[in-house]
Amino acid sequence: MTAAFHSHDQAISPHIDQVRAQMEALLADCSDAAYLECMIGKKVKGFFYYFNGLTNEERLNEIRYDIADWNIDEGSEWLESIAQEVTAFNCSRTDSFTDMMDQMTLGNAILLVDGNDFGYVFSLSEWRKRAIEDPVAESVIRGPREGFTESLDDNIAMLRRRIRKSSLKMKGIEIGEYTKTRVVIGFIEGLAAPELIQEIEERLSAIVIDGVLESGNIEEYIEDQPYSPFPQLISTERPDTVAGNLLEGRAVIFTDHTPFALIAPISLFSLMQSPEDYYQRFMISTFIRWLRYLFFLVALLAPSAYVALLTYHQEMIPSALLLSIAKSRESIPFPALVEAFIMETMFEALREAGVRLPKQVGAAVSIVGALVIGQAATSAGLVSSPMVMVVAITGIASFLLPHYSIGISIRLLRFPIMLMAGMLGLLGLLIGVIGIVIHLSGLRSFGVPYLSPIAPMMVGEWKDVVMRPQGWLSRQRPRLTRSGGGFRKGERRKNVGTSNRRE
Amino acid sequence: MVQGRISAFQLAILMFQIILSSSVLLMPSISTTLSGKDMWMTPILGSVTGYLTIWLVLKLHHLSPNGSFIKLLVGTFGKWIGLSMSVAFIIFQIHILAITTRDYGEFIVTNFYLKTPIQVIIGAMLLLCAWVVKGGIEVMARTGQIFIPIITFCTLIICILLFPELNPSEILPMFERGVQPIMKGTIVVGGWFCQVTLILFILPLVKDVKVFRKWGYLTVTAITVMMLIANLTVFMLMGESTAFFNYPLFTASRYIAYAEFFEHVEAVVMMVWVLGEFFKISFYYFVIQKGIAETFTVTKPAILVVPVGLLLFTSTFWLARDFRMIGEFISNAGTLYIITGNVIFPFLVYCIARIKRKIGSGQAQNKA
């Protein structure tokens with residue numbers, strides 16, 4: 001008998017006591033499940049079921065007293081009257097236990113009434129949420145200070161407030177056998193290519209997985225090339241970044257319970273851009289973009305170039321510098337390659353420790369870290385001071401990139417290139433770089449070549465790569481394969497107003 | 001393997017690099033030996049071969065069914081003769097590639113990595129090439145779009161940095177020894193230009209073949225200009241002693257010294273050359289792989305990447321006992337050999353195919 005009660009497929013019994021037994025069996029051992037008894041019109045027995053903490057209990061109590069005062073017609077008519085009265089609330093009907101459980105886990109309350117073989121769902125979901133705060137991982141000097149939170153609805157609302165057009169579409173889908181996580185694809189109809197949206201939907205609905213706890217779980221399943229060190233979607237917690245990308249014809253994937261939204265498709269160059277670029281003066285942003293490109297190369301190649309030059313091409317180092325390097329390396333027992341490996345590994349370990357450690361211990365780590373990487377290591381004769389400098393510069397350089405995900409990929413790629421440089425000098429370094437470029441040339445993000453607009457070449461879009469063009473200069477939207485691109489609204493800036501006119 | 005397609009412009013960039021990669025480094029020495037002070041004229045005259053080859057290749061492409069040269073051979077000469085001709089043509093290309101690869105390896109080993117075995121240098125390069133060939137022509141073209149501008153820029157920078165050291169009077173008097181030496185040098189330069197024939201295999205993969213005529217001729221012009229710049233720079237710097245060096249531009253780069261610290265940029269020249277050779281070898285590699293796949297109708301060309309790579313690796317060493325043998329071959333029979341294979345053979349095929357088609361259509365008319 002109990003086995004039958006556990007089945008979600010059974011019919012809802014019209015007898016209230018039987019339904020209670022059915023519900024109790026389903027909710028056995030769910031200590032957070034609660035029920036409230038009520039008498040509709042002081043005549044008909046009913047039960048509210050809900051989960052503690054997910055439902056607005058005050059409002060539920062009000063409803064409970066409300067329905068006790070209803071006038072219910074005598075005789076067989078009362079069934080219809082309940083149905084009529086109940087629609088006055090934000091309420092719908094449900095016919096199966098499966099649906100009922102779904103609604104309860106969403107925070108809604110279920111009302112079961114004697115004599116009905118269905119239940120009513122009251123939308124009363126309400127739970128504690130984190131307030132909207134500064135985005136922690138992507139801070140800017142100038143720009144909006146709000147970041148996404150763990151609540152999907154809040155995140156969507158933040159976006160909807162920014163793009164106030166009905167053409168901003170949100171398609172919902174549920175992923176995860178157990179978590180039933182809500183995932184929403186957002187895009188602007190008319191700007192995003194329909195094929196792109198279709199492809200994202202296809203890839204998302206193909207996911208079969210127990211649980212989705214963070215957008216990273218999804219990212220793994222939908223990216224084009226899972227065996228690549230490079231991120232093929234941007235994850236961001238900034239609504240303005242998302243809005244900007246939607247306006248360029250991209251799509252966003254929100255996941256419930258995480259502040260990180262995914263943006264697709266992207267290219268390597270969109271990972272090098274920060275939303276702040278567009279808020280600063282264009283010359284300054286252009287300068288900063290160049291700085292980023294430079295330090296992208298530094299982060300990737302500095303230690304390997306140092307190893308290669310010091311091991312194989314000493315003649316390329318100016319003699320005065322070479323002498324001082326030689327002097328500081330005199331007492332070092334390791335070859336440059338080993339030295340570089342020790343220091344880079346040490347740096348990565350310190351960085352990771354800095355992220356993980358509780359705030360109270362953080363200060364201790366930075367002191368110890370400074371000693372390990374700095375003065376003490378040098379005076380102990382483990383590493384030379386030029387090596388310390390190279391590692392420090394490399395470390396700084398990798399944090400210059402506005403997206404953490406690309407920074408970490410190049411930090412990882414640094415090690416194989418270092419090994420190549422240690423074996424074959426500059427030739428090895430070059431082989432490593434060619435290898436990376438071959439890989440990047442073949443990589444795509446939802447059909448968009450990863451190195452576009454440089455390769456394949458789309459000269460029209462270079463403006464946004466080599467500089468940060470002023471608004472009226474960048475009217476062409478990016479051509480994200482297949483989608484038409486098209487032009488943005490806008491004309492050349494006009495000098496309006498009297499004070500601008502020359503006498 | 002997704003057999004990607006590329007644009008005419010992308011093919012033009014690749015073509016630009018496969019001709020230039022070895023010629024900029026090797027040519028000045030050979031053309032000085034043959035043409036003396038007038039060596040700088042050889043690229044200009046030699047470019048005629050380039051234009052002719054482009055014309056010939058486009059003609060052949062239009063004649064070929066589905067643009068496949070091998071199908072044209074089979075269609076014209078019958079199955080067995082046609083297939084054996086295509087096998088011979090591919091073996092010829094493998095031979096040329098083996099010479100190029102060996103040359104690259106010897107350059108690196110003799111100038112930089114004296115103790116590293118040449119097998120490592122060549123093996124590493126072929127591995128990279130195999131990777132890009134596996135990715136397909138599209139990946140190769142994109143890699144080219146990233147690197148080839150950098151290569152060209154670096155080559156030009158080296159020439160510009162040498163500017164203060166140049167002595168323009170080196171090239172005077174002109175026509176010192178008459179026209180004959182110039183013609184000899186021109187033929188050698190033609191030996192480089194005729195490698196354009198390789199694109200015969202790539203043209204079917206080009207999205208907009210119609211505009212390739214323009215891009216092809218433009219590329220030959222651009223190659224000529226680059227060769228001219230390199231030749232003039234080297235010759236004005238070293239005069240007739242250019243002939244004594246194997247890699248004159250490399251030697252020339254040793255003259256660069258600025259502000260007491262910007263000197264010894266030979267390693268940069270090496271890197272530029274390695275990049276250039278990477279494209280040349282992978283382009284040949286791709287063509288050979290595609291040629292074999294078409295000849296033996298292999299449905300999945302990707303499975304050929306590793307076997308072809310091994311064949312190339314070993315043929316690089318079967319080629320000759322030492323580099324001197326290769327050098328002798330290049331300077332004696334090499335030019336005629338490469339021109340025969342890359343220009344005269346396709347030209348004969350073109351003539352015979354045309355005649356056969358004429359006769360064929362004549363017969364068809366007679367029957368009607």
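In chain B of this predicted model, 82% of the contacts between residues at least 6 apart in sequence join residues at least 24 apart, two residues being in contact if their C-beta atoms, placed from the backbone, lie within 7 Å. Chain B holds 12 helices and two strands, where helices (H or I, at least four residues) and strands (E, at least two) are DSSP runs numbered from the N terminus. From the N terminus on, these elements run α-α-α-α-α-α-α-α-α-β-β-α-α-α. The radius of gyration of chain B is 21 Å, close to the 21 Å that the globule rule gives for 368 residues, so chain B is as compact as a globular protein of that length; the radius is taken over C-alpha atoms, and the rule is 2.2 Å times the number of residues to the power 0.38. Of the 368 residues of chain B, 49% count as buried. A residue is buried if 20 or more other C-beta atoms lie within 10 Å of its own, exposed if 12 or fewer, and partly exposed in between, with C-beta atoms placed from the backbone.

Chain A has 17 helices and 12 strands. Its radius of gyration is 30 Å, well over the 23 Å given by the globule rule for 503 residues, so chain A is more spread out than a compact globule. The C-alpha trace of chain A spans about 105 × 70 × 45 Å along its principal axes. An automatic or database domain assignment divides chain A into domain 1 (2–122), domain 2 (152–266) and domain 3 (280–449).

Helix α12 of chain A (residues 336–356) has 21 residues, which at 1.5 Å a residue should span 30 Å, and its end C-alpha atoms are 30 Å apart, which agrees; the expected span is 1.5 Å times one less than the number of residues. Among the buried residues of α12(A) are A:A336, A:L337, A:M343 and A:F347. Seen down the helix axis, the buried residues of α12(A) fall within an arc of 160°, so they line one face of the helix; the arc is that of the directions from the axis to the C-beta atoms. The face turned away from the buried side carries the exposed residues A:T345, A:A349, A:E352 and A:R356.

The contact between the chains takes 20 residues from chain A and 20 residues from chain B. Helix α16 (residues 404–442) of chain A gives the most to the chain A side, with 10 residues.

Residues are numbered from 1 along each chain as its sequence is written, and chains are lettered from A and ligands numbered from 1 in the order in which they are written. As the model is predicted, local features need pLDDT of at least 70 and side-chain atom pairs count only at pLDDT 80 or more, while totals for chains, interfaces and linings use all residues.
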